[in-house]
Amino acid sequence: ALSGNTDALGTLSTGSVANSPTPRTATVNTNAKNGWSVWARSANAGLSSASASATIASTTPGTGSTLSAGTAGYNTGVTSSQVGGSGTITVTPAYAGSANTGAGLDTSLRTLASSNGTANTAVLTMTNNVAIASTTPAAADYTDTITVVGAGLF
């Protein structure tokens with residue numbers, strides 16, 4: 001279950017890295033004895049603006065990164081928690097993080113996290129982060145669509 005379907009990052013500035021003000025969560029409840037996996041992909045491999053004909057590119061997918069103010073980049077960081085179940089959550093190391101840290105997404109499904117057993121309220125908190133450079137074209141329509149998929153491993 002996803003907590004929502006939008007994540008407005010607000011006005012971007014070269015002086016800071018913008019982080020999800022209300023990070024979205026994916027909650028997993030399953031009796032799949034072999035666990036579960038959650039994947040994500042980006043429609044644009046970055047934040048794209050139609051009006052500026054520009055994209056703030058994702059950092060390298062599957063490689064951890066820390067964004068810095070003034071250097072353009074876009075990544076997703078994931079943290080986890082769980083109320084109960086037999087499984088242990090493993091966040092893919094490159095995506096482990098929250099504010100400013102994580103890894104990029106591209107058009108391929110990338111594993112964000114998995115577990116090796118059942119889950120009772122396993123929660124993945126997904127924080128999107130973006131930084132712009134002084135040369136990033138100004139526009140109010142930078143957008144991306146991130147698809148999140150989860151499956152039980154029976």
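Which residues lie nearest the centre of the largest pocket? They are Asp7, Leu9, Leu47, Tyr74 and Asp144, among the 30 residues that line it. Keep in mind that this is a predicted model, where local features need pLDDT of at least 70, side-chain atom pairs count only at pLDDT 80 or more, and totals for chains, interfaces and linings use all residues. Residues are numbered from 1 along each chain as its sequence is written, and side-chain values use heavy atoms, with hydrogens and water left out.

**The largest pocket**

- About 690 Å³ of space lies in this pocket (a volume is the space filled by probe spheres set on grid points, which are joined across faces, edges and corners).
- Strands S7 (73-84), S11 (119-131) and S12 (146-152) are the elements that each give two or more residues to its lining (strands are DSSP runs of E, at least two residues, numbered from the N terminus).
- A pocket here is an open set of points on a 1 Å grid over the protein atoms alone, where a 1.4 Å probe fits, with protein on both sides within 12 Å along at least five of seven lines; lining residues have an atom within 4 Å of a point.
- The lining splits into 17 nonpolar, 10 polar and 3 charged residues (Ala, Val, Leu, Ile, Met, Phe, Trp, Tyr, Cys and Pro count as nonpolar, Asp, Glu, Lys and Arg as charged, and the others, Gly among them, as polar).

**The four-strand sheet**

- Four strands form an open sheet in the order S8-S10-S3-S12, paired antiparallel (two strands pair if DSSP finds at least two bridges between them).
- S8 and S12 sit at the edges with a single partner strand each, so one side of each has no neighbour in the sheet.
- From one strand to the next, the twist averages 20° (axes are lines fitted to C-alpha atoms, and angles run from 0 to 180 degrees between N-to-C directions).
- S3 (residues 36-42) and S10 (residues 110-115) are joined by 5 bridges, and Val38 stands opposite Ala113 in S10.
- S8 (residues 89-91) pairs with S10 over 3 bridges; here Ile89 stands opposite Ser115 and Val91 opposite Ala113.

**A look at Ala133**

- You'll find Ala133 in the loop between S11 and S12.
- Ala133 counts as buried because its relative accessibility is 16% (buried means under 20% relative accessible area, with a 1.4 Å probe and protein chains only).
- Leaving out residues up to four places away in sequence, Ala133 touches Thr14, Gly70, Thr71 and Ala72 (contact means heavy atoms within 4.5 Å).
- Ala69 is 64 residues from Ala133 along the chain, yet their C-alpha atoms are separated by 7.7 Å.

How values were computed:
Buried < 20%, exposed > 50% of the residue type's maximum accessible area, 1.4 Å probe, protein only.
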